[in-house]
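Subject: Structure handover

Hi,

Here is the structure for you to look through. Please open it first, then read my notes below.

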Amino acid sequence: MAENNNTINQNEISADKLRYRGRIRQIPIYIGKMFRMFVFQSDWKVIPMATFIAILVIIVIKKSFAVTMEGTAKGALAITSIALWNGCFNSIQVVCRERDIVKREHRSGMHISSYIFAHMVYQAFLCIIQSITTCAVFFISGMTTPGSGLVTSSFMVDFFITIFLITYASDMLSLLISCIAKTTTAAMTVMPLVLMVQLIFSGAMFSLPDSIKSVSPLMISNHGIAAINSEARYNELSTSSGWKLIKKVSKNSDDPQMIMMIEQLETDGFDVQINAEVAKSNYKIDYECTRSNVLQQWEMLILFVVVFAAGSVIALEFVDKDKR
């Protein structure tokens with residue numbers, strides 16, 4: 001371990017070299033440093049962790065995702081949670097843990113934009129590997145899929161792009177937090193709150209009051225869930241929740257007439273009609289199964305990436321004034 005740490009330290013950029021390098025020429029230096037950390041400081045551990053989480057989720061959603069409306073909605077929420085979790089943990093401490101080094105090198109000529117862009121490239125690499133791993137787990141498990149994609153010819157390609165964009169956007173959000181937070185402890189304390197806010201205000205887990213519904217479009221989770229539901233053809237799926245609820249009432253009822261009436265309705269085929277009406281009422285315009293809708297969600301996720309990355313540069317530009 002000591003030898004590995006020495007290797008990293010020996011490869012850190014010297015102030016003299018930084019002083020004479022432009023923005024573009026600094027980028028590959030920092031990218032190289034980050035990939036050495038991937039090997040020597042075990043940053044690669046995020047990959048098996050992503051695999052493990054994907055396995056846990058697929059066990060729960062496999063039988064219902066892209067099969068029923070309810071199963072698809074729950075699956076989209078779970079899959080988005082995976083991506084949010086992976087992205088947040090990737091970068092929540094990357095700047096905090098070397099803030100003193102960043103401050104010293106910035107004063108010696110390091111460009112913050114070069115440093116953040118290098119992080120963007122490295123974090124994109126991590127997010128791509130995690131997204132491939134997650135999609136591989138789902139594919140190997142035999143998860144039900146629509147077959148064709150809405151944007152490309154393959155559902156799995158569309159699915160991969162969506163998972164990657166959710167992961168990368170949440171990664172950039174955590175990078176911004178890491179640039180602002182005072183310490184790694186502070187950053188790790190904030191992260192669960194960020195995840196909670198993303199899930200609660202996504203609009204998928206709870207019905208939000210009209211007064212705060214406008215917050216949902218500002219959530220990464222909102223656009224990620226919408227994209228996954230669209231790709232899985234949520235609005236075209238059937239539902240059995242309506243009749244299941246009626247059957248549950250019948251099972252727990254002590255009224256013989258009610259039990260007999262419900263049994264007769266099922267015999268006459270009203271269960272199919274009721275489920276069809278419930279499916280109509282569950283239709284959501286945000287989950288429209290169209291190419292334009294998926295592209296719109298992707299564009300919003302890309303916009304989050306750009307905004308958070310720009311915010312990271314701005315936040316870290318003031319590192320010299322930091323009294324920490």
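Start with helix H8. Of its 26 residues, 22 are buried, so H8 is largely enclosed by the rest of the structure. Keep in mind that this is a predicted model.

H8 runs over residues 155-180. From first C-alpha to last, H8 reaches 38 Å, close to the 38 Å expected at 1.5 Å a residue. What caps its N-terminal end? Ser154 does. A side-chain oxygen of Ser154 lies 3.3 Å from the backbone nitrogen of Met156.

Next, the aromatic rings. The structure holds twelve aromatic pairs. One of them joins Tyr234 and Tyr287. This pair is edge-to-face, with 5.1 Å centre to centre and 85° between the planes. Where do the two residues sit? Tyr234 is in the loop between helix H10 (220-231) and helix H11 (241-252). Tyr287 is in the loop between helix H13 (270-281) and helix H14 (291-316). The pair therefore ties together parts that are 53 residues apart in sequence. Both Tyr234 and Tyr287 are buried.

Now look at Phe304 and Phe308. Their rings form a stacked pair: the centres are 5.9 Å apart, with 10° between the planes. Phe304 and Phe308 are four residues apart in helix H14, so about one helical turn separates them. An α-helix has 3.6 residues a turn, so residues three or four places apart point the same way.

How many cavities of 30 Å³ or more does the structure hold? It holds one. About 70 Å³ of space lies in the largest cavity. Its lining includes Tyr30, Lys33, Met34 and Met37, as well as Tyr115, His119, Tyr122 and Gln123. Asp43, Val94, Arg97 and Glu98 line the largest cavity too. Two elements give two or more residues each to this lining: helix H3 (23-40) and helix H7 (112-141). By class, the lining has six nonpolar, two polar and four charged residues.

Best wishes

Note on methods: Residues numbered from 1 in each chain as written. Predicted model: local features only at pLDDT ≥ 70, side-chain atom pairs only at ≥ 80, totals over all residues. Heavy atoms only, no water. Expected span 1.5 Å × (residues − 1). Buried < 20%, exposed > 50% of the residue type's maximum accessible area, 1.4 Å probe, protein only. Polar contact = N/O pair within 3.5 Å; in protein donor to acceptor, adjacent residues only side chain to side chain. Phe/Tyr/Trp six-rings, centres within 6.5 Å; stacked < 30°, edge-to-face > 60°. 1 Å grid on protein atoms, 1.4 Å probe; cavity = no way out; pocket = protein on both sides within 12 Å on 5 of 7 lines; lining within 4 Å. Points joined across faces, edges and corners; volume = space filled by probe spheres on them. Nonpolar A, V, L, I, M, F, W, Y, C, P; charged D, E, K, R; others polar.
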